[in-house]
Each structure stands twice: as C-alpha cells, then as structure tokens.
Amino acid sequence: MIYTLTLNPSIDYYVTLPVFEAGQVNRVEQAEKVAGGKGINVSLVLKNYEVETQALGFLGGSTGQFIRTELEKRGVLTDFTPIQDETRINVKIRADQESELNAAGPKIQPEELEHLLSRFKTMEAGDIVVFAGSIPSSLPHDLYRHIATILNERNVRFAVDTTKEAMLEVLPLGPFLIKPNHHELGEIFDVEITSKEMAVPYAQQLVERGAENVVISFAGDGALLVNRQGAYTANTPAGKLVNSVGAGDSLVAGFVASHALGKSSEEAFRYAVTTGSASAYSFGLCTKEDIDRLIKDVNVVELIQS
C-alpha cells in the first residue's frame, strides 16, 4: 500500500474571475470546493494512475467530513484521525494572476497525535509512506523524523516533500525520495541555483547525507534527478500553464507510482515530470489519459554517470 500523510488538510475553495482587484468588490464567475492538501493531492493522482492508496492525517468537523466523503467518492481509501477542532478552508483565486489565502489550521491534541502515530506501527515491509506538506505549529517540529524512525524499524520506505528544516531532519534516515525545487535547494546551501548543471553537486550532497533519489524541479525548464547511479535531466512537455497548484504533488505521485509498478528510477523520473506537467496544464489534477498523451514528449538524458 502507498500511504500519504497530510497533517493539515483543507477544503480548497477555488474562485475564478477575469481580474482580481485588491480592496474592491470582485464578482466571481465560477466557484468550486475540493479536498485539499499536498498528501491528499498525491493520493488523488495515485488513484488516477490506478494505484491503490490510503490517505492519513487529521480531520475534524463538517469540513473534515466533506474531505473524507470527496476522497471516498474518488476511490481513495481513508484512515484519518478524528480531531476536536474544525479542518480549515483555504481560498484559491484564479484571475489575471494566482493568489491564495491559506488558514492556519486546527490545534492537534496530544491524544490525537498518539492515535495517528499508532497507525504507523502496523505498517509492513513493502509499504511506502509519502510525507507531504509542512508540520503545523501545534505539532512537534521533528514529527516527520519520529515517524520515519518508526517506519525504518518496520522496513517501510518513505518519500518526503516538505519544508527545508523537516526534510533535513529525516535525511539521515534514508528517504526513498525528496523533492525540493531549485530555489529550495539553493536555500539549503545558501547559494543561487541558476542551472541544472549547477544543482548537481548540491543534490549529490543530499544523496551522500541519506536520500536515495533527489528530484529537483525547475518549473517550465524541466527537472533533475540525482541518485547514486548518476544525474539525469528531463524536459517539460509543451503546454499552457493554467494551474500551478498540485503540480509538485503530482510529480511526487508520478515517481512513487511508477516505481511501485516496477519501473526504473529513470523511467519513474520521466513519468514524474510528465505527471507534474499534466496537472499544471489542467484545471484540476491530471488523469491517466493526460499523462499518456504527454509522456511521448518527455525525454530523460544522462548528465553525469556515477
């Protein structure tokens, strides 16, 4: 089973209008509510890939019930920990430029956290867990490291797409995949990354510190994969950007799903870049048909062989 962990999920309320003017009354042309959160996005794309997945995290109140119902309607298994507080609502504005209003989220009680942690103690070798998103301030800052320690004891692999601090904390525990973008990679080493070639030695340092695969996204300029076998680059297929929300989560889903289906790391990387692009070119998360249509336009080229 591929599990995803979303510690601070949300209802994402999308509003569409031609132009958004701050300080003015804006007339919305279209509105839509969807289940939101980085791990939830990964699960939804995995299901679109026809790969079984179960979503974990915290849900509370009527907003939490909406998310659970939406995921189950889409065929995603759920095992969220119930909480006392209400799950948050975020507003995503699609206009002449994208804007977001993200709520802080609920406070998690100690017994609610313990309930979630107990779930990881039942997982089995062969399972994969995707940590996606930041750790809320009401939870321990080293929570991912604590969970990764539990998973290591059970021979369960994990992938990480989170903030710099939380990612660096789990590196010594050997994540199967980490996915910083080139700006985040530069922040880690206090440099400005201006090319894939420049990113390679820094990504190699993350491999030396424990990561099995490091994928660096460069938005419209494609992505870079670095592991102990070498360094590889992939182009972004042609298309029109209509939605950047969920593109990075889709990339993670594409890599993890492809690897789970027995593909090599290079081929998983090819599908990952395709999947991320397919979501960026869609108003929602990509479908399998979107991926199949674009995959032929994505090429992986070896930069450096280890």
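In which helix does L206 lie? L206 lies in helix α7, where helices (H or I, at least four residues) and strands (E, at least two) are DSSP runs numbered from the N terminus. The model is a predicted one, in which local features need pLDDT of at least 70 and side-chain atom pairs count only at pLDDT 80 or more, whereas totals for chains, interfaces and linings use all residues. Residues are numbered from 1 along each chain as its sequence is written, and side-chain values use heavy atoms, with hydrogens and water left out.

L206 has a relative accessible area of 0% and is therefore buried, a term that stands for under 20% relative accessible area, with exposed meaning over 50% and partly exposed in between (1.4 Å probe, protein chains only). When residues up to four places away in sequence are not counted, L206 touches L168, L171, I178, L185, F189, A211 and V214, contact being defined as heavy atoms within 4.5 Å. The C-alpha atoms of L206 and S264 are separated by 20 Å, and the two residues are 58 apart along the chain.

At the N-terminal end, α6 is capped by N181, a side-chain oxygen of which lies 3.0 Å from the backbone nitrogen of H183, and just after the helix D190 takes a positive phi of about 60°.

Helix α3 (residues 110-120) has E112, L113, L116, L117, R119 and F120 as its buried residues. They cover an arc of only 145° around the axis, which puts them on the same side of α3. Their packing partners are the strands β1 (2-6), β4 (53-59), β6 (81-82) and β9 (128-132), together with helix α4 (143-153).

Leaving aside neighbours within four places in sequence, L151 is in contact with F120, M123, V129, F131, V156 and F158. In soluble globular proteins, nonpolar side chains tend to be buried together.

Rings of Phe, Tyr and Trp (its six-membered ring) pair if their centres lie within 6.5 Å, with planes under 30 degrees apart counted as stacked, over 60 as edge-to-face and the rest as tilted. By this rule the count comes to four aromatic pairs. One of them, formed by F131 and Y144, is stacked, at 4.8 Å centre to centre and 5° between the planes. This pair links distant parts of the chain, F131 being in strand β9 and Y144 in helix α4, 13 residues apart, and both residues are buried. The rings of F189 and Y202 have centres 5.1 Å apart and planes at 40°, so this pair is tilted; F189 in helix α6 (residues 182-189) and Y202 in helix α7 (residues 196-208) are likewise 13 residues apart. Ring pairs also link F131, Y144 and F158 into a cluster.

Charged groups are placed over rings at two sites described here, a charge sitting over a ring if NZ of Lys or CZ of Arg is within 6 Å of the ring centre and within 35 degrees of the ring normal. The charged end of K33 sits over the ring of F66, 4.8 Å from its centre, and R157 lies over the face of F176, at 4.5 Å from the ring centre.

Positive phi values occur in two loop residues other than glycine. N155, with phi near 55°, lies in the loop between α4 and β10 (157-161) and is exposed at 59% relative accessibility. A219, with a positive phi of about 55°, lies in the loop between β12 (213-217) and β13 (223-227) and is exposed at 65% relative accessibility.

Terms used: Arc of directions from axis to C-beta. Polar contact = N/O pair within 3.5 Å; in protein donor to acceptor, adjacent residues only side chain to side chain.
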